[in-house]
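Have your viewer ready, try each task, and then compare your steps with ours.

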Amino acid sequence: MDKKKVSIIAIILFLCLGSFVFANSTQSNFEESAKSDTIIGDNGGRTDNSYGNNSSYDDMYPNNKVDTDINSNSNQKARNVTNPTHKGSGTNSTNNDQNSDSTGVTGGENGVGNGSNSSGGTGDGNGSNPGGGTGDGNGSNPGGETGDGNDSNPGGGTGDGNGSNPGEGTGDGSGDNNGDNNDYSQLISLVDSLQEKITVSTKKSDINSARKYRDNNDIMQKVATILDNTVKNELQRKLEAINKILDDRQEPIIKGVVDGAYVNTAVSLDIYDSENSIRKIMLNGSEVLNTNILKNINQEGKYTVEVVDEAFNKKTVTFTIDKTPPKVVVATSDFGIGTNKSVTVFINSDEVLKEINGWEIDKKGKYIYREFFANCSSSITVEDLAGNKTVTSYSITSIDPNYEAKMPHATDVNYVSNSDGSVTVTITISKPIYQPDGWFDISGSKVFTKTYYKNVTETVWLEDTLSNIGSVSIVVNSIKSTETASVQRIYDSIKNAFNLNGVVEAS
């Protein structure tokens with residue numbers, strides 16, 4: 001090669017090298033200027049730091065003009081010249097070489113662009129295939145870091161994005177493919193199934209089964225470990241309502257009356273539940289649809305109130321409204337007859353009574369009694385279980401220490417054997433008495449007779465008009481033949497009936 005050609009080549013290399021150095025220097029100055037409010041051009045002109053167009057940029061820096069056949073941005077309407085870490089626009093980022101490192105205006109900071117698509121800085125990238133972060137972008141879709149990705153294939157995170165889908169990360173992704181690909185459908189189904197078990201439950205054992213289902217499937221623990229806060233919050237909200245029922249083991253509270261009470265006024269009931277989850281209220285077997293009726297239960301009668309909560313905890317209260325005073329009858333053990341012993345007063349009621357000090361009460365509670373050893377008269381107030389009261393009086397006048405001397409007694413007992421073998425007994429009494437059963441009054445209610453046809457020992461009771469009672473013992477043991485006496489008695493009856501005395505005697 002001659003010296004002339006060598007000189008020409010050296011001049012061309014010098015010019016090319018100078019152009020390259022000048023271009024880099026100019027671009028660096030441009031980036032420094034972009035950090036301020038304005039850009040100063042070669043001609044001393046002032047360019048606004050807004051989203052400019054390619055023609056202004058290329059006119060200001062003609063040596064930096066990019067070949068439009070390779071990686072042209074000539075159709076872009078705006079550039080991010082203010083902040084190289086902000087947004088890059090257009091289908092392809094600005095790189096003069098298809099595999100060059102870029103710290104330029106549109107591609108983003110510190111990114112490595114490979115192929116037809118480049119990676120950007122920590123800011124958002126928009127366009128058809130954006131991405132941001134320190135990760136490499138490979139293929140048709142880049143990867144990014146924590147920044148949000150939007151449009152058709154967004155994503156965030158420090159991982160690489162390969163192929164048609166971007167990498168995952170902590171940032172939210174919007175568009176066709178989101179960042180978090182965890183599947184919670186099975187856990188959601190468990191919670192829904194648990195809710196259904198409670199909804200269709202009809203008894204306490206159903207709630208117990210639902211509680212076991214929750215615990216055996218570790219539903220609480222699984223929901224607590226969900227990373228997606230939206231799904232986690234929704235399931236925890238459902239579980240909060242579910243657990244109020246499953247973990248409720250306290251029975252409802254009924255206030256206003258004590259179980260088993262008897263009252264004589266209207267009853268007003270208040271119903272409480274620890275979880276405010278009353279399932280139903282029953283009054284005497286009928287469901288209460290309007291709780292206002294529980295505020296004024298006024299009619300007499302027996303009532304049963306049953307309250308069931310959503311966990312089938314149950315509370316039952318029974319009470320009786322009674323506004324009627326008890327009806328009583330008074331009686332004494334002497335029945336009005338004199339005695340030299342104690343007398344017991346009985347007060348019988350048509351309903352159960354409360355106990356009274358000094359008086360005994362029977363097991364059923366419907367009569368009270370007390371023993372007195374002297375005559376007296378007094379009144380007493382008896383009270384039923386509801387508090388209704390009745391006043392009654394009693395009087396004892398029959399107790400007499402000398403009563404024994406006043407009792408009637410037999411002054412004479414006479415036994416006469418008859419020819420037919422029978423025995424006639426005659427008794428004489430100290431004072432007039434009522435005729436004893438089976439005896440004949442033969443003298444002023446004081447002398448009585450009776451014929452015996454067989455041997456016997458018996459007591460005859462003697463009662464005077466003052467109800468004093470005495471007694472006498474009769475003993476007949478001289479009758480030799482019961483059969484002979486019976487025949488003779490029949491014969492005597494016939495003889496007397498037909499006046500056969502003379503005939504019998506003549507024979």
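**Exercise 1. A four-strand sheet**

In which order do the four strands of the open sheet that contains S16 and S17 lie, and is the pairing parallel or antiparallel?

Solution. Before starting, note that this is a predicted model, in which local features need pLDDT of at least 70, side-chain atom pairs count only at pLDDT 80 or more, and totals for chains, interfaces and linings use all residues. Residues are numbered from 1 along each chain as its sequence is written, and side-chain values use heavy atoms, with hydrogens and water left out.

Step 1. Helices (H or I, at least four residues) and strands (E, at least two) are DSSP runs, numbered from the N terminus. Two strands pair if DSSP finds at least two bridges between them.

Step 2. Read the order: S16-S17-S19-S18, with antiparallel pairing. At the edges stand S16 and strand S18 (440-443), each of which pairs on one side only.

Step 3. Follow the pairs. Strand S16 (residues 410-417) is joined to strand S17 (residues 423-429) by seven bridges, and Ala-410 has Ile-429 as its bridge partner in S17. S17 is also joined to strand S19 (residues 447-452), by six bridges; here Val-423 is partnered by Tyr-452 of S19.

Step 4. Look at the turn. The hairpin of S16 and S17 has five residues between the strands, and Gly-421 in the turn shows a positive phi of about 95 degrees.

**Exercise 2. Another open sheet**

Find the edge strands of the sheet that contains S10 and S12.

Solution. Step 1. The order of the four strands is S10-S11-S13-S12, and they pair in the antiparallel sense.

Step 1. Strand S10 (328-332) and strand S12 (360-361) each have a single partner strand, so one side of each is left without a neighbour in the sheet.

Step 2. Now turn to S11 and S13. Strand S11 (residues 343-349) and strand S13 (residues 367-372) are antiparallel and share six bridges, with Val-343 opposite Phe-372 in S13.

**Exercise 3. Helix packing around H5**

Classify how H5 packs against H4 and against H7.

Solution. Step 1. Two packed helices are described by the angle between their axes and the distance between those axes. Axes are lines fitted to C-alpha atoms, for helices over the stretch in contact, and angles run from 0 to 180 degrees between N-to-C directions.

Step 1. Helix H4 (residues 185-199) and helix H5 (residues 204-216) pack at about 170 degrees, with their axes 9 Å apart. That makes H4 roughly antiparallel to H5 (under 35 degrees is roughly parallel, over 145 roughly antiparallel, 65 to 115 roughly perpendicular, and the rest oblique).

Step 2. List the contact (heavy atoms within 4.5 Å). H4 contributes Leu-190, Ser-193, Leu-194, Lys-197 and Ile-198, while H5 contributes Ala-210, Tyr-213 and Arg-214.

Step 3. For H5 and helix H7 (residues 229-246), the angle is about 130 degrees and the axes are 10 Å apart. H5 and H7 are therefore oblique to each other.

Step 4. This contact involves Ile-207, Ala-210, Arg-211 and Arg-214 of H5 together with Asn-243, Ile-245 and Leu-246 of H7.
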